[in-house]
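Hi,

Here is the structure I promised to send over. Have a look at it first, and then read on for what turned up.

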Amino acid sequence: VARILAVWEYGEGLGHLYGLIPLARALRERGHGVAFALRDATRLAVTRSAGFDSWPAPVLRIPGRVDRAPVSHADILLNLGFGDAGSLAGTQRAWDGLLRATRAEAIVADYAPGALLAAARQDMPRATFGSGFALPAGSDPFPALRPWEAEDGASLRALDDRLRAALGDAFPGAAPPIEALLHGLIDLVATWAQLDPLGPRDAQYVGPASPTREAPAIEWREPAGPRVLAYLIAAEPRFVAAVEALRTCGAEVILVAAGLNARNAAALSRDALRVIPAPVALAGLIEGATLCVSHGGAGLTAQAVKAGVPLALLPFHLEQSLVTRRLHALGAATARTVEQGVGDLGGWLRAALDDERLRACARNFAQAHQGAPDGALLAAERIDAWLG
Amino acid sequence: MARIVFAWELGGELGHAMACTMLAHALVARGHEVAFIFRELHQLASLPGFEAFDVYQAPVSPREGRGFGVPDSWSEIMLGCGYHDARELEGLVTGWLTLLGHTRPDLLVADNAPSALLAARIAKIPRVNFANGFAIPPRLDPLPSFRADGSTPPARLADSDARALAAVNTVLQHFGAAPLTRLHEQFEALEDFLCTFPELDHYGNRPRAGYWGPRFSVDLGDTVRWPYGDGARVLVYLRSSLPQMDALIDALAANRCRVAAYVPGLDAARTARLRSARRLVSERPLKLRPLLQECDLLVSHGGNVAPGALMFGVPQLVFPTQYEQFLTGVRLEQIGTAVGLGPGSTAQQVHAAVKHMLANLSRYKTAAQAFRKRYAAFTPEEQQRRIADRIREIVEAR
């Protein structure tokens, strides 16, 4: 048995934690000691409530200028501050202290390049677990992230070189390779090959974690009729139009609105539309839905198609767009890009609800994956076996 | 010997880390053990002797200020940093409790660290405040507005306090601690090391306060000498993002000033324009003491360097980038030692201000030197000695 530090650093929302917490629980049940470190310290109550010691993870300085449309993992890491040698040196010093304080013997990282670097510098066993987006599909150079854009090897290499130079400056003579920021000694991808935003590829797929039970449970009200489960970010520009489309789509709707305050949520809740401004337990809800509406986050979309529920997606950042492409190729999702605007979102939503082909594709996928294990539990089994 | 933990939670720049480090050295010299819990870690290498200390990351929200307007009071700063949502605040306090549980301090020294104070209250750890006037608000109900012009409606202040207090009390209750009746109780401590002078206090007059003098360090960095020749000696300590940088460079050149400049990150083209035989530009921090001893004018944003320069009797031109610095500029203007320029100042205004300062240097210098004489016994070393003595009293009394 080992003392394991589970770390989440980057990515928004609670999806990462809803995968890592059941994984940590399963590791604990196998006799390991587990503590958490999170870059977003406002989420430490979530891991503490689940019974884990909860530490703030060191925070890099965000650069003054960032590339708004990053082309590779190196570009993203530079945007996150990994090109700043002074900041890297300072945060890594704090990582060393944190690893000492927790007496960690291994790391499980979900999009946690700071923790992976610290563990690599100490030759500590480390595993990654995540949607696949944080795991590059190649190296030297890290490949372009957008399959629809032409690759330019020289500019990709230049980005890698900048990252490499920063590591070299921060740790003269002792810098791990840049791949150590994103790869563990084992990498477990919490989805399936068909849904992998950077796949399909040769990787260890364990499938998604089961829908979360970490948050309060709610239930569908209507015994029959169409039901829409929506998860949207209130600050996204299409939110208001999407709420109106959901209100008029003719279905019972549960809308989980991240970042909305309780007063506005109450004001928007009317008739068959319930707007909930806080996380809810998705277990039990997804299975009963006719359609799932979201921005295309990896966890919720995988859980939806696993339950045979088709998707209507409003992606706005790169990972969501890549996930959306995979689901669209599968035939289980319809999507509206940001560029398409908000014209007739209501009609689009009603068409998705009536779309037999979407439903059949989602159902076929679910049948093909019937009985698939919970990805978090399977990951725990693999990590436990790997740690020996 | 006691174990003392420094907590810096809010506010940016090197001043916090530097002040904590200097005091920490004074405490270590007296046999105490010290650890840091810092908001920012990128400056560690600039801190003298930081290798001697354990350093941890302070819990912070990655969404600070997002979705919130310009704060008018301390409670509004707090609302933008996690206090709008009790569950988020519970997360921050959880992080502090984990860190305090591990470091087990006999005393917490809070530099702009309201959530650390909350966690220390829950964990029953003795605590002191160590910050400038801005970060130690007067114990008033509601917490006062920063707006010197009185433009904040009183009802807004009360409402903001009530919202933050609701989150605070939810969290205190969650951890089994007694609730507060007023938000300012969160800042209660065994001592306020209020590091300013009454004339420079951001809040103006406050009830019952002891002043410990400003925090600044003047003995770190590269030693340089003023460029040879005549012309006023102008020390430039600015961020490269100053919108009026080009106008300032032109004004300094047009007035044949001798310049010593530290503008980290200044682009190559502007560096080339600023640099000349009478204008030196450093890539690294400068040792301020020898420069300030002969300086005619400081141009800065109004951070820690501003009260520091005042203690050398130096007139100032202030370009504030936020309200804390703006208030420092206002106080310096009130005692007749500085002129402040707003964020929207035009090139013409910058030229006029530089010209005005240079033409009236003796008047500003007389006021600044009168202020220095008023506090002639003050030095950073003496301040650290007094604070370290008081800390010893506090830990020995417990």
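**Where the two chains meet**

Across the interface of chain B and chain A, 10 residue pairs are in polar contact. Please keep in mind that this is a predicted model. On the chain B side, strand S3 (54-57) and helix H3 (86-103) each supply at least two of the residues that touch chain A. The largest share, 10 residues, comes from H3(B). By type, the residues on that side divide into 13 nonpolar, 9 polar and 7 charged.

Overall, 29 residues of chain B are in contact with 27 residues of chain A. The two chains bury about 2,200 Å² between them, with 60% of it on carbon and sulfur atoms. There are also 2 salt bridges between chain B and chain A. A:Asp40 forms a salt bridge with B:Arg63, and their closest N and O atoms are 2.7 Å apart.

In soluble globular proteins, nonpolar side chains tend to be buried together. Here the largest nonpolar core has 67 residues, and those with the most contacts inside it are A:Leu5, A:Trp95, A:Ile107, B:Trp74, B:Val93 and B:Leu108. A second, separate core of 37 residues includes A:Ala6, A:Tyr18, A:Ile21 and A:Ala215.

B:Arg121 sits in helix H4 (residues 114-122) of chain B. Is this arginine buried or exposed? B:Arg121 is buried, because its relative accessible area is 18%, and the cut-off for buried is under 20%. Its side chain reaches the backbone oxygen of B:Glu185 at 2.5 Å. Not counting residues up to four places away in sequence, B:Arg121 touches B:Arg127, B:Leu172, B:Leu180, B:Glu185, B:Gln186 and B:Glu188.

**Backbone details to look at**

Most residues other than glycine have a negative phi, and most peptide bonds are trans. These spots depart from that pattern:

- The peptide bond from A:Gly199 to A:Pro200 is cis, with omega near -5°. A:Pro200 lies in the loop between strand S6 (186-189) and strand S7 (204-205) of chain A.
- B:Asp141 and B:Pro142 are joined by a cis peptide bond, with omega about -5°. B:Pro142 is in the loop between strand S5 (127-131) and helix H5 (154-174) of chain B.
- A:Asp271 has a positive phi, near 50°, and counts as exposed at 68% relative accessibility.
- B:Asn112 has a positive phi of about 60°, but counts as buried at 7% relative accessibility.

Best wishes

How values were computed:
Residues are numbered from 1 along each chain as its sequence is written. Chains are lettered from A and ligands numbered from 1 in the order in which they are written. This is a predicted model: local features need pLDDT of at least 70, side-chain atom pairs count only at pLDDT 80 or more; totals for chains, interfaces and linings use all residues. Side-chain values use heavy atoms; hydrogens and water are left out. A nonpolar core is a set of buried Ala, Val, Leu, Ile, Met, Phe, Trp, Tyr and Cys residues joined through side-chain atoms within 4.5 Å. Buried means under 20% relative accessible area, exposed over 50%, partly exposed in between (1.4 Å probe, protein chains only). Contact means heavy atoms within 4.5 Å. Buried area is the accessible area (1.4 Å probe) that two parts lose on being put together, summed over both. A salt bridge is a side-chain nitrogen of Lys or Arg within 4 Å of a carboxyl oxygen of Asp or Glu. A polar contact is a pair of N or O atoms within 3.5 Å; within protein, one must be able to donate a hydrogen and the other to accept it, and residues adjacent in sequence count only if both atoms are side-chain atoms. Helices (H or I, at least four residues) and strands (E, at least two) are DSSP runs, numbered from the N terminus. Ala, Val, Leu, Ile, Met, Phe, Trp, Tyr, Cys and Pro count as nonpolar, Asp, Glu, Lys and Arg as charged, and the others, Gly among them, as polar.
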